[in-house]
Amino acid sequence: MTIPEIFNNFNNLKVLIIGDIMLDAYTWGKVERISPEAPVPVVNVRSREIRLGGAGNVVMNAKALGAEPIICSVIGTDSYGDSLLNLLKEQNLSTEGIIQSETRITTVKERIIAGSQQIVRIDTETDKLINEAERQILGDKIKELAKDANVIIFEDYDKGVLSKELIHDIISFANDNDIPTIVDPKKRNFLYYQKATLFKPNLKELKEGLAIHFDVKNPDELSDAVTMLKNTLSLGGVFLTLSERGVYIDFKGEKNAISAHIRTIADVSGAGDTVISIAACCLALGLSAELIAGLSNLGGGLVCESVGVVPIDKELLKQEALLHL
């Protein structure tokens, strides 16, 4: 499959995303004085904005690639939850997989920014697991929506939507129905993703998840650590992101280390969301390990050149792919 064919075929994909969706809120202002009430800056607000965050970043990246993303998650019945649903609708995105819970609050990460300096971040969240009834409703909803999905992404932020039981249930369902699964893990559920198709930790998550230490600069030690992870979780493959060292993939009998491309890094926020979105679409198309890793590595680097969390520019990624792959 040629690069242009790959990018055209992204438009035919349906991507199901399961995980913790949240809001990113931004308040921009200016500081001209210190508060008389306490030794803190007074921020004179100039503007406010809310955006989809968490698993919502993956939704936006999948959409930017041309795929049809559907998010399955649990949010609160609060005003933030209503705002989140409105944001999805404004982007012409499905809200079919969203469940509103009376027992939870919607996760919000609010950043107060003065000039170009972030003064403080205020998190409104809970990380307790969704209850049994909610898990059952969510599981049924996922299976219903997954029937014509080309790939399932687990986007885990440790906020309680994903549990051991739900993960096992959905991976078993996906494997029985030949739907590939790809995982962006966090610490709490790290060892619960047995038999996933492709597992995408970063270096820190791999070391903490298996409680091991190794020299990432030593190719043999790196390969052994990835093999250990594959065997421990009976995975189809591992796609390890290594920050400035690029990526490493062990999948379909291939092992590839791909260096990061030299770029002017403005902001690394959201790069992991871009990487898993591209990898998922490539996985759905049955591409080689080298192409999955190569395209994802390119995309992760490209979004780091922009300030803030931004979805991938599909046309720019295509041009880079034609140049480098």
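## Terms and basis

Buried means under 20% relative accessible area, exposed means over 50%, and partly exposed lies in between (1.4 Å probe, protein chains only). This is a predicted model, in which local features need pLDDT of at least 70 and side-chain atom pairs count only at pLDDT 80 or more, while totals for chains, interfaces and linings use all residues. Residues are numbered from 1 along each chain as its sequence is written, and side-chain values use heavy atoms, with hydrogens and water left out.

## Overall form

The chain holds 10 helices and 13 strands; these are DSSP runs numbered from the N terminus, with helices (H or I) of at least four residues and strands (E) of at least two. Its radius of gyration is 20 Å, which agrees with the value near 20 Å that a compact globule of 325 residues would have. That radius is taken over C-alpha atoms, and the globule rule is 2.2 Å times the number of residues to the power 0.38. Along the principal axes, the C-alpha atoms fill a box of roughly 65 × 45 × 40 Å.

Of the 325 residues, 54% are buried. Among contacts (heavy atoms within 4.5 Å) with a separation of 6 or more, 69% are between residues 24 or more positions apart.

## Strand pairing around E2

Two strands pair if DSSP finds at least two bridges between them. Strand E2 (residues 21-34) is antiparallel to strand E3 (residues 41-54), with 13 bridges between them. Six residues separate E2 and E3 in a hairpin, and methionine 22 has glycine 53 in E3 as its bridge partner.

E2 also runs parallel to strand E6 (residues 108-114), joined by seven bridges. In this pair, tryptophan 28 is opposite isoleucine 113 of E6.

## Strand E8

Five of the five residues of E8 are buried.

E8 has parallel partners in E1, through five bridges, and in strand E9 (residues 181-184), through four bridges. Valine 15 is opposite valine 151 in E8, and phenylalanine 154 is opposite valine 183 in E9.

## Helix H2

Helix H2 (residues 55-64) is largely enclosed by the rest of the structure, because eight of its 10 residues are buried. The buried residues are Ala55, Gly56, Asn57, Val58, Val59, Met60, Asn61 and Ala62.

These buried residues pack against strand E1 (14-19), E2, E3, strand E4 (68-76), strand E8 (151-155) and helix H8 (271-284). Just after H2, glycine 66 has a positive phi of about 105°.

## Leucine 235

Leucine 235 sits in the loop between helix H7 (219-233) and strand E11 (237-241). With a relative accessible area of 8%, leucine 235 is buried. Leaving out residues up to four places away in sequence, leucine 235 touches Tyr193, Lys195, Ala196, Phe199, Leu229 and Lys230.

Isoleucine 258 is 23 residues from leucine 235 in sequence, and their C-alpha atoms are 21 Å apart.
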